Amino acid sequence: MLLPTTKETPSEAEVVSHQLLLRGGFIRKLTSGVYTYLPLGLAAIRKVGQIVREEMNRAGAQELLMPMVQPADLWRESGRWQKYGAELLRFTDRHERESCLGPTHEEVITDLARRELQSYRQLPMSLYQIQTKFRDEIRPRFGLMRGREFVMKDAYSFDVSDEAAGESYDKMYQAYHRIFRRCGLDFRAVEADTGTIGGSFSHEFMVLAQTGEDTLVICEQCSYAANVEKAMIVLPDECLETGELQAMRKVETPGMKKVEVVAEFLKAEPADFIKTMVFFVDEEVVAVLVRGDREVQPVKLKNLLHATEVELADDDAVFKKTKLPVGYLGPIDLPIKVVADQEVMRMRNCICGANEKQYHLTGVQPGRDFIPAMTGDLRQITADDSCPACAGPLKLTEGIEVGHIFKLGTAYSEAMNATFQDCEGQAKSFVMGCYGIGVSRVVAAAIEQNHDQHGIIFPLPLAPFQVILLNLGLNSEDITGAADQLYQDLQARGVEVLYDDRDERPGSKFKDADLIGIPFRVTVGKTYEKEGKIEIRNRLDGRTETVDFDLAADVVTGMVKTEMARYTA
């Protein structure tokens, strides 16, 4: 077997899964964000793929395989050729035809459906593939967690109505729960933004891990969970701030720009301030108002304004667009569009920038002194907020996205004129859904959750092999004969065995076994020569037992079956 383990941690690897996948000989880097899967790495990925296949088939989906190269014309039909952004790797062939490497396959599957699905009698239809995808990430990192080329399962459903599409969505929602339970992952399904895929509603499936790139909001009393980009802020029914309205007054605040500094100077709290942040929203410059101790959530801003791209403007850009001093901006008579977080409109007797260098305003009243163009939920949720579902306490934690499901509606079918004939002979647009799983990312996420100082601890369903068999007596005919026999006996019982018969020191074999994380280690060594016994060690908890050689194959097989039963969905 090609199994190039190393002792040193590669300097390029920032997170545990990347470090251990390289050290354990699972992957090797070809170029930025692109990896070769070595035998152990491919075996683990195929384990995930098999679980996915079984549950997709169980949910009524059919497997196909679509091309990775996609013509630009399809993407122009859907409107995503420019909208998708720089992550779409575009190229031109020798005939000057524009194409792209597929990051996802909504356009291709919609084109297939409009050609092949003509009648409501052919619906519902769910199709899926497990295939290589490519997204030209600006900053690929963390190995298999955020690469440019990766293995993905993407499924698509076609239905006659919103109600029927909801049933297809629910089937996939349940299938995803079965998949990730069978993979042995600690995960949560959270409400999420639909992003560049589009649609009206989506859930992300997040593996809980400290190295996750996403922040999740989880209620500690009910089942509510959401990505921070989607987590709703529910304001109290009544405004908590009372007292007589003050007159607006300009006060000098020399050299003071930060909310905290001005608050200290004026003997106020940051929560008394209206903070003005300037964003580029597509081609427009927009001022966004939040309370002084809050932060703007850009995805919420993008959704409120139905924008494609949102980016915080730097100081130079702000001055160029407003001709006003940075650090002293406020909403009154601001010469650009102003939108406000809903909480701002509840505030009374506020402090904000005066749009004049060295000055702020006090006694500002939203609705009296300024009226924003739009108002909505625009701020980042915090652990101090209440659950929008039950008003219970919230917890913020990190997660790794391993799956995402979307209600697409008719966005793609209408754009691409994909229709079927309904029961009354009328042409109707397909109601669609799409459902993705990062197959290679699941392996990395599992390692982030399951490791110790010695290496990987694979959940049994994802392990490249169920058992690693160590022959510690290559110079002994008795030990080698027993190890060979046990290898054959375990294989005959259907156990997946990696047989380590290398001419290496026992210590090296033990360390490599721990590093690559095979769940059960079976050792044939001097104990066999002296007592006719072999050693069985559970990688998860370190428990070790010795059993008679004649019983070994049955005992190990029983352990594997018992452990595997824990993951049955």
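**Salt bridges**

Modeller: D422 and K428 are joined through their side chains by a salt bridge, with N and O 3.0 Å apart; the term denotes a side-chain nitrogen of Lys or Arg within 4 Å of a carboxyl oxygen of Asp or Glu. The model is predicted, so local features need pLDDT of at least 70 and side-chain atom pairs count only at pLDDT 80 or more, while totals for chains, interfaces and linings use all residues. Residues are numbered from 1 along each chain as its sequence is written, and side-chain values use heavy atoms, with hydrogens and water left out.

D422 is buried, at a relative accessible area of 12%, whereas K428 is partly exposed, at 40%. Buried means under 20% relative accessible area, exposed over 50%, and partly exposed in between (1.4 Å probe, protein chains only).

A second salt bridge pairs E343 with R379, at 3.1 Å from N to O. E343 lies in the loop between strand 17 (337–341) and strand 18 (350–353), and R379 in the loop between strand 20 (374–376) and strand 21 (394–409), so the pair ties together parts 36 residues apart in sequence. Strands (E, at least two residues) and helices (H or I, at least four) are DSSP runs, numbered from the N terminus. Both E343 and R379 are buried. These two residues also belong to a network of salt bridges that includes R291, D293, R294 and D385.

R80 and E107 form a further salt bridge, their closest N and O atoms being 2.7 Å apart. This pair links distant parts of the chain, 27 residues apart: R80 is in helix 4 (residues 80–83) and E107 in helix 5 (residues 106–116). Both residues are buried. By the same rule, the count comes to 40 salt bridges.
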